[in-house]
Amino acid sequence: MNDREEAQAALARLLIDKIRNDKYASSTQMDLLEQMIPRALASEYFDALLEKVAIDQWPSNSLVARMSRLTAAM
């Protein structure tokens, strides 16, 4: 793997962790992640969004829409 791919994967993992742990995840961070996420990490990102939607009584429509777009790209 080259340095660019390693850096991209490291940034993607960092953003996934932030999104998973922030009660109200940053839409800017999610947009950035969705523009550059390596295919190998897409399911990890999907799982992070799924966790958020599953625990929320009234899940965000934008999170559900993100999940839908992500499944189409997987």
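Arg20 and Asp17 join their side chains in a salt bridge, at 3.8 Å from N to O; the term stands for a side-chain nitrogen of Lys or Arg within 4 Å of a carboxyl oxygen of Asp or Glu. Both residues sit in helix H1, 3 residues apart, about one turn of the helix. The model is predicted, so local features need pLDDT of at least 70 and side-chain atom pairs count only at pLDDT 80 or more, while totals for chains, interfaces and linings use all residues. Residues are numbered from 1 along each chain as its sequence is written, and side-chain values use heavy atoms, with hydrogens and water left out.

**Overall fold**
- The protein chain has 4 helices and 0 strands, where helices (H or I, at least four residues) and strands (E, at least two) are DSSP runs numbered from the N terminus.
- Read along the sequence, the pattern is α-α-α-α.
- A compact globule of 74 residues would have a radius of gyration near 11 Å, and the 12 Å of the protein chain agrees with that; the radius is taken over C-alpha atoms, and the rule is 2.2 Å times the number of residues to the power 0.38.
- The C-alpha trace spans about 45 × 25 × 15 Å along its principal axes.

**Salt bridges and surface**
- Across the whole structure, a search finds 4 salt bridges.
- Leu11, Leu14 and Leu32 make a nonpolar surface patch with about 250 Å² of accessible area together.
- Such a patch takes residues with over 30% relative accessible area and no salt bridge, joining nonpolar side chains (Val, Leu, Ile, Met, Phe, Trp, Tyr) within 5 Å and like charges within 9 Å.
- Accessible areas come from the Shrake-Rupley method with a 1.4 Å probe, and for residues only the protein chains shown count as cover.
- Leu14 belongs to helix H1, residues 3–21.

**The largest pocket**
- The largest pocket holds about 350 Å³ of space.
- Among its 16 lining residues, Lys23, Tyr24, Lys52, Asp56 and Leu63 are the closest to its centre.
- A pocket is an open set of points on a 1 Å grid over the protein atoms alone, where a 1.4 Å probe fits, with protein on both sides within 12 Å along at least five of seven lines; lining residues have an atom within 4 Å of a point.
- H3 gives the most to the lining, with 5 residues.

Methods. Points joined across faces, edges and corners; volume = space filled by probe spheres on them.
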